[in-house]
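Work through the exercises below with the sequence and the 3D structure at hand. Try each task before reading its solution.

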Amino acid sequence: MTNISNSDDVIQLKTQLSTARSEINNLRQQLKTLNHTYRKDCDEIRRQLENWRCDKCKHRQLEAAATPAPVVNYDLGLQYIGTIHTHFPEKRGTPRQPGICSDTTAKLTLNDVFTNPSHALDGLQEYSHMWILFHFHKNDATHTRAKVSPPRLNGIRTGVFATRSPHRPCPIGLSLVKIDHITDNNIYFSGVDMIDQTPVLDIKPYIPQYDNPSDPFQSEIDISTLSLTESQHETDSVRLMDGQENGERDQPLIGGTSSNPIVNRNLEDSYHESRSASRIGEREAPDGEEEETPHQYASASVSSPQQVRVPTWIDQPPISTLTVYFKRRALVQLQQLGNEGEQKKNIIKNILQEDPRSVYLRERVGNSDYVFRIAELYVSCKFDDTSHVVTVFQVFQDLGAQAEN
């Protein structure tokens with residue numbers, strides 16, 4: 001009997017112990033719940049105290065909320081996909097649009113953004129033209145102005161977003177160029193308006209059905225004439241000045257440009273009309289101002305299915321295209337360059353006739369001697385704003401050699 005009684009006591013004690021442990025666990029869970037509720041109530045009280053405002057403070061807060069939020073500048077983390085190599089090492093003296101020196105070639109080299117950069121160019125050779133988006137990396141302006149003074153407006157100010165100025169909040173350039181050929185990870189193109197070592201952000205093929213608003217349903221557009229130089233459309237304005245007081249001028253020592261009104265006149269007319277309508281492939285000058293070639297656009301506005309139009313100052317600027325004269329010494333120096341002489345001469349002529357001076361130089365310095373770095377040459381010239389003439393005195397490759405002369 002004693003053993004049975006002891007066994008019942010042990011079982012009863014174990015049952016009580018299990019019940020006690022269960023109650024303790026329940027109490028712990030309740031304490032944990034109460035502790036969580038307590039902290040939550042404390043946080044709510046603290047939040048209420050921090051956000052409490054008197055009536056005046058609430059009124060000020062409402063007024064502040066009605067104020068527009070400040071502009072947030074996001075870092076997009078863009079990376080360069082390549083670099084452009086050109087014959088123009090400095091901003092001043094670089095063509096302002098691709099059409100000024102449309103035959104001048106350059107090279108775009110893709111970097112190691114891809115494991116196999118050449119694979120990214122597969123299929124691009126099927127297009128004749130492409131857009132290049134690049135960075136105005138030589139834009140050293142300390143701040144961006146809402147209005148700029150394009151040289152074509154001769155000092156008149158207009159909104160920066162109504163121009164092709166590189167001095168803009170996001171210094172991104174856009175140019176339409178002609179693809180010559182592609183080798184490995186190199187794209188050789190013509191129609192250069194970038195300085196040497198320009199970093200590239202992106203390239204896109206030009207598709208007229210998408211990019212030409214004058215005729216969105218046009219299945220085919222002849223833009224081959226975009227590669228025609230101005231020398232094929234106009235009478236040569238480059239002549240030799242012999243320096244005599246009577247003003248008599250001789251013929252150039254090396255072949256000058258000449259017009260041919262018989263060749264492809266219909267294509268030339270369509271070229272002018274297309275350029276005026278679509279405004280493709282143009283950008284601002286590397287010195288911060290923009291200018292389009294006056295004789296390339298026939299009208300200030302163009303009728304089309306989408307009513308494409310441009311401002312009147314694009315076609316009727318208050319400034320004149322300059323006439324370029326080469327002194328005999330300059331022509332001899334160009335002739336000494338051999339086969340490159342004629343090409344360099346045309347580049348110099350095309351750039352100088354558009355007046356590479358900024359509005360500041362034109363107004364402050366005026367008719368003075370200038371030395372421009374054009375097509376890897378130093379060009380010594382003088383402007384005459386009264387007669388709209390620029391005279392080239394010397395063309396040399398080395399400033400040190402010039403100093404000795």
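**Exercise 1.** How many bridges join strand S1 to strand S2, and do they run parallel or antiparallel?

Solution. The model is a predicted one. Start by locating the two strands: S1 covers residues 82-85 and S2 covers residues 105-110. Four bridges join them, and the strands run antiparallel. As background, strands of a sheet pair through backbone hydrogen bonds.

**Exercise 2.** Give the order of the strands in the closed barrel.

Solution. The barrel has six strands, in the order S1-S2-S7-S6-S3-S8. Their pairing is antiparallel. From one strand to the next, the twist averages 45°.

**Exercise 3.** Which residues touch the most other members of the largest nonpolar core?

Solution. The core holds 44 residues. Those touching the most other members are Leu108, Met130, Ile132, Phe189, Ile203, Leu352 and Ile374. Now check the domains: domain 1 (82-210) and domain 2 (323-397) each supply at least three residues to this core.

**Exercise 4.** Classify Cys42 and Cys381 as buried, partly exposed or exposed.

Solution. Buried means under 20% relative accessible area, and exposed means over 50%. Cys42 has 24%, so Cys42 is partly exposed. Cys381 has 0%, so Cys381 is buried. A separate search of the whole structure for disulfides finds zero.

**Exercise 5.** What is the helix content over residues 10-37?

Solution. An unreviewed UniProt entry lists residues 10-37 as "coiled-coil region". In the model, this stretch is 100% helix and 0% strand. Its end C-alpha atoms are 40 Å apart.

How values were computed: Residues are numbered from 1 along each chain as its sequence is written. This is a predicted model: local features need pLDDT of at least 70, side-chain atom pairs count only at pLDDT 80 or more; totals for chains, interfaces and linings use all residues. Side-chain values use heavy atoms; hydrogens and water are left out. A nonpolar core is a set of buried Ala, Val, Leu, Ile, Met, Phe, Trp, Tyr and Cys residues joined through side-chain atoms within 4.5 Å. Buried means under 20% relative accessible area, exposed over 50%, partly exposed in between (1.4 Å probe, protein chains only). Domain bounds come from an automatic or database domain assignment. Two strands pair if DSSP finds at least two bridges between them. Axes are lines fitted to C-alpha atoms, for helices over the stretch in contact, and angles run from 0 to 180 degrees between N-to-C directions. A disulfide is a pair of cysteine sulfur atoms within 2.5 Å. UniProt positions are given in the numbering used here, feature names are shortened, and annotations may be inferred rather than shown by experiment.
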